[in-house]
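Today I am opening a new notebook page for a single chain.

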Amino acid sequence: MLALLTGLPASAQEVPLEQALAERTLGKADAAITIIEFASLTCPHCAAFDKETLPKLKAAYIDTGKAKLVFRDFPLDGLALRAAALARCAPADRYFPMLNILFQQQDSWSRAKDPLDALAKIGRLAGMSQQTIDACLKSDKLMDGVVNIRLEAERQFKIESTPTFVINGTKISGAQPFEEFDRVLKPLAKP
């Protein structure tokens, strides 16, 4: 898994704030179905979705061009907020692989004696310099931007828990199995 994050220059450039806070989408931009995922990087149910359901969704809907996934941060605590900020500082093409690693390794870094040091190690594996990692984890503007993503989710979609999904206007709460997503997505998919 960690091999997904290698191959980047050792001193990755700092990401401008506007770019770091840009919408993150997996799949074809013009896909007929939009799945918006609201998740917290310290939420075990979100990690379960990433491990168990997302690979099936990718294979059946995202990789086939039928759907796109828009990931929106909904941090439930300060550590999730910092993890989200760190992921947003990764190069755009490494963002989803980094989310995957953060979810896959959630128990290790979130329960580490020094979770910020554990996050920094993941950032370094993603090719980020220690200077960039430190800047991301200390950026009030970036943290405020991530919090604003959460606040907008609460206002616009009445999101209260994670994971929650909005699929072309239909809300699904919780880490549901692939079959539940398939039931909602199948009628929306173009043949």
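I start with a term: contact means heavy atoms within 4.5 Å. With that in hand, I looked up the contacts in the chain with a separation of 6 or more, and residues 24 or more positions apart account for 78% of them.

A note on what I am looking at: this is a predicted model, where local features need pLDDT of at least 70 and side-chain atom pairs count only at pLDDT 80 or more, while totals for chains, interfaces and linings use all residues. Residues are numbered from 1 along each chain as its sequence is written, and side-chain values use heavy atoms, with hydrogens and water left out.

**Entry: the whole chain.** I found nine helices and five strands. Helices (H or I, at least four residues) and strands (E, at least two) are DSSP runs, numbered from the N terminus. Read from that end, the order is α-β-β-α-β-α-α-α-α-α-α-β-β-α. The radius of gyration, taken over C-alpha atoms, is set against a globule rule of 2.2 Å times the number of residues to the power 0.38. The chain comes out at 16 Å, close to the 16 Å that the rule gives for 191 residues, so it is as compact as a globular protein of that length. The C-alpha trace spans about 50 × 35 × 30 Å along its principal axes.

**Entry: inside and outside.** I use buried for under 20% relative accessible area, exposed for over 50%, and partly exposed for in between (1.4 Å probe, protein chains only). Of the 191 residues, 49% are buried.

**Entry: S40.** I found S40 in the loop between β2 (33–39) and α2 (44–62). Is S40 buried or exposed? S40 counts as buried because its relative accessibility is 0%. Leaving aside neighbours within four places in sequence, S40 has contacts that include F74, L76 and T162. A polar atom of the S40 side chain lies 3.1 Å from the backbone nitrogen of L76.

**Entry: around β4.** T162, one of the contacts of S40, is joined to P163 by a cis peptide bond, with omega about -10 degrees. P163 sits in the loop between α8 (140–157) and β4 (164–167). K158 is also in the loop between α8 and β4, and its phi is near 60 degrees, a positive value in a residue other than glycine. K158 is exposed, at 55% relative accessible area. I then moved on to N168, in the loop between β4 and β5 (170–173). Phi of N168 is positive too, near 45 degrees, and N168 is partly exposed, at 39%.

Technical notes:
A polar contact is a pair of N or O atoms within 3.5 Å; within protein, one must be able to donate a hydrogen and the other to accept it, and residues adjacent in sequence count only if both atoms are side-chain atoms.
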